[in-house]
Amino acid sequence: RQRSDELSNAAFGVGFVAGVLCLFMCTPLIIFATNMQTTLDGTASILGFQLSMAFVGFWWLLFYYSPWQHLHPRPGPPRTRREGVWLRAMKDVVADLRQEPMTATYLLLWFFFSDGVFVTSTV
């Protein structure tokens, strides 16, 4: 159990550092493309964001490839497929949220806030 926790913490740390590095690499790309926009017509206004999203996709594939190639399958017999796992898990979440009304309120408000930010940013 402790070894699993150590690996999980290390993987989280590596993923966080990789995400920050990707952010630092994409920021100049966005700034450069936005500054280039002033010399071009208005169609280049999202060029930096498009290039950054392409770079993020490549970055994700780069870091996804290593675990995909080097992780071994789970030992033991294959797991059986149980149809009711998802529904049971959702019932457990709802039961937990009923015991924690402040958490349920926070999650509901966060849903509306994040949806509002998304809608506003796309308009």
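**Figure 1. Ser 52, a buried residue in helix H2.** Ser 52 has 5% relative accessibility, so this residue counts as buried. Buried means under 20% relative accessible area, exposed means over 50%, and partly exposed lies in between (1.4 Å probe, protein chains only). Ser 52 sits in helix H2. Helices (H or I, at least four residues) and strands (E, at least two) are DSSP runs, numbered from the N terminus. Which residues does Ser 52 contact, leaving aside its neighbours within four places in sequence? They are Cys 26, Leu 29 and Ile 30. Contact means heavy atoms within 4.5 Å. This is a predicted model, in which local features need pLDDT of at least 70 and side-chain atom pairs count only at pLDDT 80 or more, while totals for chains, interfaces and linings use all residues. Residues are numbered from 1 along each chain as its sequence is written, and side-chain values use heavy atoms, with hydrogens and water left out.

**Figure 2. The whole protein chain, with 4 helices.** The protein chain has 4 helices and 0 strands. Along the sequence the pattern reads α-α-α-α. The protein chain holds 123 residues, and 7% of them count as buried. Accessible areas come from the Shrake-Rupley method with a 1.4 Å probe; for residues, only the protein chains shown count as cover.

**Figure 3. Confidence along the protein chain.** The mean pLDDT of the protein chain is 80. A score of at least 70 is reached by 84% of the residues. pLDDT is the predictor's confidence in each residue, from 0 to 100. Which element has the lowest mean pLDDT, and which the highest? H1 has the lowest, at 82. Helix H3 (residues 85–99) has the highest, at 87. Where pLDDT is low, the predicted coordinates should not be read in detail.

**Figure 4. A nonpolar surface patch that includes Phe 16.** The patch covers about 540 Å². Phe 12, Phe 16, Val 17, Leu 21 and Met 25 make it up. Patches are made of residues with over 30% relative accessible area and no salt bridge; like charges are joined within 9 Å, and nonpolar side chains (Val, Leu, Ile, Met, Phe, Trp, Tyr) within 5 Å. A salt bridge is a side-chain nitrogen of Lys or Arg within 4 Å of a carboxyl oxygen of Asp or Glu. Phe 16 belongs to helix H1 (residues 2–37). Is Phe 16 buried or exposed? Phe 16 has a relative accessible area of 55%, so this residue is exposed.

**Figure 5. Aromatic pairs, including Phe 55 with Trp 59.** Rings of Phe, Tyr and Trp (its six-membered ring) pair if their centres lie within 6.5 Å; planes under 30 degrees apart count as stacked, over 60 as edge-to-face and the rest as tilted. By this rule there are 5 aromatic pairs. The ring centres of Phe 55 and Trp 59 are 5.7 Å apart and the planes stand at 35 degrees, so this pair is tilted. Both residues lie in helix H2 (residues 47–70), 4 residues apart, about one turn of the helix. Phe 55 is partly exposed at 25% relative accessibility. Trp 59 is buried at 15%. Ring pairs link Phe 55, Trp 59 and Phe 63 into a cluster.

**Figure 6. Trp 60 and Tyr 64, a stacked pair.** Why does this pair count as stacked? The ring centres of Trp 60 and Tyr 64 are 4.9 Å apart and the planes stand at 10 degrees, so the pair is stacked. Trp 60 and Tyr 64 are 4 residues apart in helix H2, so about one helical turn separates them. Trp 60 is exposed, at 52% relative accessibility. Tyr 64 is partly exposed, at 43%.

**Figure 7. Leu 97 in helix H3.** Leu 97 is partly exposed, with 26% relative accessibility. Not counting residues up to four places away in sequence, Leu 97 touches Thr 103, Ala 104 and Leu 107. Leu 97 and Leu 107 are 10 residues apart in sequence. In space they are 9.5 Å apart, C-alpha to C-alpha.
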